[in-house]
Amino acid sequence: MAKTKTAYVCSQCGNDSPKLIGKCPACGAWNTYIEELVTKEKPGLPNLSNFASPKSKPLLLDEIKSDDEERLDMRDEEFNRVLGGGLVPGSLVLIGGEPGIGKSTLVMQIVLQLDAYKTLYVSGEESAKQLKLRAERLGHKNTSCYIVCETALEQIFTHINNVCPDIVIIDSIQTVFTEHIESSPGSVSQVRECAAAILKFAKETGTPVLLIGHINKEGTIAGPKVLEHIVDTVLQFEGDQHYMYRILRNIKNRFGSTSELGIYEMRQNGLREVSNPSELLLTQNHEGLSGVAIAAAVEGIRPFLIETQALVSTAAYGTPQRSSTGFDIRRMNMLLAVLEKRAGFKLIQKDVFLNIAGGLKVNDPAIDLSVISAVLSSSLDVAIEREVCMCGEVGLSGEIRPVNRIEQRILEAEKLGFKRIIIPNNNLKGFDTKKAQIQIISVKKVEEAFRELFG
Ligand code: TYD
Ligand code: MG
């Protein structure tokens, strides 16, 4: 008889302990232990017969064929690119995101376009009717997509055996459970065991599996950091629910680089691929408005131009307000301090609001210069010319530090019809400015950039 036991498991790394403890000795996280019911199999000697006839055989590295993995074309340029050129057979891909961001929509839409492959969509969250409604809304016709609403892992495998699909989708891993473990669906041990079983299935049969996973408040994929270790690829679908842009980011990829990025726009009838993000992000005509600066940013390896907007106003209360959307607030505070120290602007009595247009979150430090310029522009109430864009990381002493992929940034600015671009002086090394049609202005310090922008 299997014996039921309670254990405490770290929700970050999956380490377990017989007692509730505050700090995880394995990963160092605090207050991550949660109680779980586990079924302990009777301990016994390992079954030696398993070892007698090994299914696997050690091979020399030279003997292993590496014929360039044939990848499945997902018929969605952005998705293919983020995966590193298509879906690898036998791979386990996790698509994470906050509830309601559009994970099911994205996957459903992709599945509906895949007429060439037989797909099985296993849903534990929605009824078949709901899925049908969504498919109708997305407006695609597909004759090779099977839908099943099921949460028991054993049943899911039975369905897979019956249907023999080319691609399996599981929406979501947090709803799946196996009878072998007594804890509830979504708990660390359930998610870990189920994901491991699915991984085994994917590797053994060569069937790729797309797993959908929820992200919890802290921004980690819920329950298990452990899940990220198990799967081959982790994609994160993010964006602001109130805006229409969604970014598909690759955080882990065993079959390609993680620097690729996909951009989508959420529409009434599904997601639309955005192949040229700059054009969308820069549509507003802001000629003559102060507090707007255009940054030549790079996310992953994609260059795009983005609007940074700032509003500086007199503080109504003793403590001035600082608020920022899409940009790290601590970094903004640092930039304000630089502005105060280096350019002599008294911002202490001012509220500062910062916004990156389109609800995008930009991690590229090269937008520092545009942030600081937008703040100054709003503070002086002097508009920055529409024809100029900029990039550069700002250091603590007000120096402009070099950025990566400068050629791409310049090309993108040129392509979008900008006349001038301000870049860090250090980026000029080994760069032929005569080649570019756009006027390149190199600066060493924020003061020089300000002189350029505001005279
Ligand atoms: P959904 O895919 O259910 O999110 P998730 O699976 O990540 O929880 O999508 C949720 C939102 O997407 C929903 O609030 C409505 C919106 N949506 C559209 O705007 N257009 C569409 O065509 C569809 C299907 C959904
Ligand atoms: Mg969903």
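In this predicted model, Arg 272 and Glu 265 are joined by a salt bridge, with their closest N and O atoms 3.0 Å apart. Arg 272 has a relative accessibility of 34% and therefore counts as partly exposed. Glu 265 also meets the side chain of Arg 267 in a salt bridge, here at 3.5 Å from N to O. Arg 267 is partly exposed, its relative accessible area being 42%. Glu 265, by contrast, counts as buried because its relative accessibility is 7%, and the cut-off for burial is under 20%.

Asp 368 pairs with Arg 331, the closest N and O atoms being 2.5 Å apart. Asp 368 belongs to helix 10 (residues 368-380) and Arg 331 to helix 9 (residues 329-343), so this pair ties together parts that are 37 residues apart in sequence. Asp 368 counts as buried, at 0% relative accessibility, whereas Arg 331 is partly exposed, with a relative accessible area of 23%. Both residues take part in a network of salt bridges that links Arg 331, Asp 368, Glu 393, Glu 399 and Arg 401.

Turning to the helices, helix 3 (residues 103-113) is mostly covered, with 11 of its 11 residues buried. Among the buried residues of helix 3 are Lys 103, Ser 104 and Gln 109, as well as Leu 106, Val 107 and Ile 110. Elsewhere, helix 5 (residues 153-163) packs with helix 6 (residues 188-205) at an angle of about 20°, and their axes are 11 Å apart. Since angles under 35 degrees count as roughly parallel, helix 5 and helix 6 are therefore described as roughly parallel to each other. The crossing in which helix 5 passes helix 6 is right-handed.

Among the strands, strand 20 (residues 420-424) contains Ile 422. Ile 422 is buried, with a relative accessible area of 0%. Between Ile 422 and Val 388 there are 7.6 Å in space, C-alpha to C-alpha, while the two are 34 residues apart in sequence.

Leu 59 sits in the loop between helix 1 (48-52) and helix 2 (77-83). With a relative accessible area of 47%, Leu 59 is partly exposed.

Methods
Residues are numbered from 1 along each chain as its sequence is written. Chains are lettered from A and ligands numbered from 1 in the order in which they are written. This is a predicted model: local features need pLDDT of at least 70, side-chain atom pairs count only at pLDDT 80 or more; totals for chains, interfaces and linings use all residues. Side-chain values use heavy atoms; hydrogens and water are left out. Helices (H or I, at least four residues) and strands (E, at least two) are DSSP runs, numbered from the N terminus. Buried means under 20% relative accessible area, exposed over 50%, partly exposed in between (1.4 Å probe, protein chains only). Axes are lines fitted to C-alpha atoms, for helices over the stretch in contact, and angles run from 0 to 180 degrees between N-to-C directions. Angles under 35 degrees count as roughly parallel, over 145 as roughly antiparallel, 65 to 115 as roughly perpendicular and the rest as oblique. A crossing is left-handed if the near helix is turned anticlockwise from the far one by less than a right angle, and right-handed if clockwise. A salt bridge is a side-chain nitrogen of Lys or Arg within 4 Å of a carboxyl oxygen of Asp or Glu.
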